[in-house]
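Hello,

Here is the structure you asked to see. My notes follow below it.

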Amino acid sequence: MSDGTATATTDLDLQLERHRVELTGYCYRMLGSSFEAEDAVQDTMVRAWRSYEKFEGRSSLRSWLYRIATNVCLDMLTAGNKRARPMDLTDSTPLARAALSPRPDNTWLEPMPDARVLPTVEDPAEAAVAKESVRLAFMAALQQLPAKQRAVLILREVLAWKASEVAELLDTSVASVNSALQRARATLAERDHSGADATVSDPLDEEQQKLLERYVAAFEGYDMTALTALLHEDAVMTMPPFDLWLTGPEDITGFMTTLGAACAGSHLVPVAVNGLPGFAQYKPDEETGGFSPWAVQVLEISDGRITGFHCFLDTKRWFPLFGLPLHFPLDGEGEADQVQEGE
């Protein structure tokens, strides 16, 4: 390979890589899966690299990459799988009848670190829209849309593309794009967005920060009285891959002191996940004497209370995705600090 060819290859790699985070965000909104989104983007990059000589420059490189990514996602969605939250699939279960019944991984909407899907932007309003559009409630609503309507809604309302640009990308008419957008909006308006009213400032305001500090103290101390005071009366707790979900402080804290009693003494490490505050939960490990990963928690907040408490339990998948260690020793404070600094 000549020096000139090597330089051109390196330049192309750099150009493609600049778009990785925003493309991952787009594919994540389309697919509802962290790992499928990253696979889709990697496939997009490979296809772009292989066919770059055919790229005639009639559109921007960014638009061309979105066209490829859209086609990759539409191909992946032909199986018709709609990822969901537990409350999208079953009724709330009273604590007295609580049972931990897992469903396959491809059933569930998956969590995603903010850093992998939210590119740095200078406009605060644009940043706020991007964060809101990866929150669990909105993501779950997106999954109910047909694939092309989903693409149109994301491109038009999240990424602020013009109808003519979306029409060109999808090889359709502006009228068709506008019609698809209208139908998508109507479908979302009909849905009960459980958790959609979550109000989180960016950065967190003083009241929200204090709420999270009180939550950490209550959870790590396993103080159910203190935790009850922080939960909204209609607060929801979910635990994928189990389809169980609970409503209200009494059932949530009742679960934590019965089926979930082994979480007492846990350690929480802050993470930025789905545009919301979250924590990596490490549970005491009696065998090693340290702490082992148990869940990635995603919290929804509204009106000074916690309204959603979502625990994703497949830690062998989630913790590496967030750059978190799979174990740390008993004096976990120091290591937890290192984790926070490394994010």
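Helices here are DSSP runs of H or I with at least four residues, numbered from the N terminus. Keep in mind that this is a predicted model.

Backbone first. Tyr 222 sits in the loop between helix H12 (206-220) and helix H13 (224-230). Its phi is near 50 degrees, a positive value in a residue other than glycine. Most residues other than glycine have a negative phi, and most peptide bonds are trans. Tyr 222 counts as buried because its relative accessible area is 16%, and the cut-off is under 20%.

Asn 274 also has a positive phi, about 50 degrees, and is not a glycine. This residue lies in the loop between strand S3 (267-273) and strand S4 (276-284). Asn 274 is buried too, at 0% relative accessibility.

Then there is a cis peptide bond. It runs from Pro 240 to Pro 241, with omega near 20 degrees. Pro 241 is in the loop between strand S1 (231-239) and strand S2 (242-247).

Now the packing. The largest nonpolar core has 70 residues. Tyr 26, Cys 27, Met 30, Tyr 282 and Leu 324 touch the most other members. Helix H4 (residues 61-76) gives the most to this core: nine residues. A second, separate core has 30 residues.

One last item: what does Tyr 26 touch? Leaving out residues up to four places away in sequence, Tyr 26 touches Tyr 66, Ala 69, Thr 70, Ala 151, Ile 154, Leu 155 and Leu 159.

Best wishes

Technical notes:
Residues are numbered from 1 along each chain as its sequence is written. This is a predicted model: local features need pLDDT of at least 70, side-chain atom pairs count only at pLDDT 80 or more; totals for chains, interfaces and linings use all residues. Side-chain values use heavy atoms; hydrogens and water are left out. A nonpolar core is a set of buried Ala, Val, Leu, Ile, Met, Phe, Trp, Tyr and Cys residues joined through side-chain atoms within 4.5 Å. Buried means under 20% relative accessible area, exposed over 50%, partly exposed in between (1.4 Å probe, protein chains only). Helices (H or I, at least four residues) and strands (E, at least two) are DSSP runs, numbered from the N terminus. Contact means heavy atoms within 4.5 Å.
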